[in-house]
Amino acid sequence: MKSGIWHKRFRRPLHPAVRAFSDSTVDDRRLVRYEIMACLAHVQMLKRCRILKKVEADALLRALNALMIRHKTGKFRMKNALEDVHINVEKAVKKIAGPIGDKLHTARSRNDLIATDLRLYARNCAKEMIKRLTDLRKEFRNQARRYARAVIPGFTHLRPAQPITWSFYMQAQVSKFERDISCLKDALKRVNVSPLGSAALAGTSHPINPGMTARLLGFDRAAANAHDAVSDRDFIAELLYVCSQIAVHVASLCEDMIIYSGPEYDLIDLDDSISTGSSIMPQKKNPDLFELLRAKSGNAIGNLCAVLTMLKGLPSSYNRDLQEIKPVFIRQIDESLKCLEVLTVGIARIRVKEKDWIDQPSFMCATALVDHLVQRGIAFRRAYDLVADCVKKSNADVYLFMQLCAKETGIDEETVRRNLTPSKLTGLG
């Protein structure tokens, strides 16, 4: 092919190096389904608005449906020489329908087409991500039920703070990822807007019905302004932000799993099916899955920054720079979905080690002793100072600490012990 459809006005063909550099077919393979969907809706609208004759529209619709079947069965192959998904589909339709295929591009542009394809793709991906997050949330709740009576130390500053149940910890993770689900659902309101009908940037002189194509494609509404619609990629930046937020939540959880499964903490055991060994140290059992997941947050944040940097300072309306956003977005969506899938597998294969330390008095329960004193009428700051002074004088000996507390507060030692025992405080003893 010496020149593309869009290159007819030029005397010299596009240089092969420039053509190869401009090629987007590798990424556009993800968009074939959505391109055909957009074409089907567009042709139906052209038929309804009598811009195309019934016989013409029906021929195009038959060709498009045949092409969709070829795509679904893996028989449609895009050609790099045709540069993008739009021209590949148009050429394939013409091959099936004959010369009438030249009318497919009536009242539209590649600018509004790619914006439409990306929104359809983004909508589908956001819904799939919600499904993966829902599966993960279910696994957290399974863990909470499985180890409902397991008590672990709760940490602040990576130091033991107060005893909590594993169930409580798992519910904390549910809360984090439910916020992510909420963000995705909210983002879908801004994703689900149809740019089709905007053409290059100023709409079209043909009497089209953008509202109809929006309805046919399941969009909530048509875009209000064509000039903005062809260049709007805010929805991609927003979804990439949510991907980054999810990745940060994943990284924090994985950090916990790495720490809790280490010999210093020894709170959980990771199943062999999600662990790896060492090439020279036969005793090793490494949390590689969680380490890799933790690292992925860097990719997510980097991809968000990349897209924002590309958008920064672009002049209004469509610019070819926007093509470079597509592979970043596709790559991050793929990675986010994969991470959520394997994290769900990993969480399902964690065993909590239930230990007898929860039946012994612990400094972790010092706050509960302060609260007990407050309930007996002692001012909080006074109660805090009393207990803190006993901590200082005990030299990390919990039994001496109990004796000092009983002496300083006038409470019998058994009451002190009860308030310092994790299983008693959590109602599991």
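## Salt bridges: criterion and total

A salt bridge is taken here as a side-chain nitrogen of Lys or Arg within 4 Å of a carboxyl oxygen of Asp or Glu. By this rule the structure contains 25 salt bridges.

The structure is a predicted model, in which local features need pLDDT of at least 70 and side-chain atom pairs count only at pLDDT 80 or more, while totals for chains, interfaces and linings use all residues. Residues are numbered from 1 along each chain as its sequence is written, and side-chain values use heavy atoms, with hydrogens and water left out.

## Salt bridges between separate elements

D334 pairs with R30, with the closest N and O atoms 2.4 Å apart. Helices (H or I, at least four residues) and strands (E, at least two) are DSSP runs, numbered from the N terminus. D334 is partly exposed at 28% relative accessibility, as is R30 at 37%; the classes are buried (under 20% relative accessible area), exposed (over 50%) and partly exposed (in between), computed with a 1.4 Å probe on protein chains only.

E238 and R190 form another salt bridge, their closest N and O atoms being 2.7 Å apart. E238 lies in helix α10 (residues 234-260) and R190 in helix α7 (residues 166-191), so the pair connects parts 48 residues apart in sequence. K285 and D269 also meet in a salt bridge, at 3.5 Å from N to O. This pair links K285, in the loop between β5 (268-270) and α11 (288-311), with D269 in strand β5, 16 residues away. K285 is partly exposed, at 38%, and D269 is partly exposed at 25%. Shared partners join the salt bridges of D186, K189, R190 and E238 into one network.

## Cysteines

Zero disulfides, defined as pairs of cysteine sulfur atoms within 2.5 Å, are found in a search of the whole structure. The cysteine sulfur closest to that of C305 is in C243, 13 Å away and therefore too far for a bond. For C339 the closest is that of C254, at 8.4 Å, again too far for a bond. C305 is partly exposed, with 41% relative accessibility, whereas C339 is buried at 11%.

## Surroundings of L337

L337 is located in helix α12 (residues 325-348) and is buried, with a relative accessible area of 12%. Leaving aside residues up to four places away in sequence, L337 touches E128, M129 and R132, where contact means heavy atoms within 4.5 Å. L337 and Q283 are 54 residues apart in sequence, and their C-alpha atoms are 33 Å apart in space.
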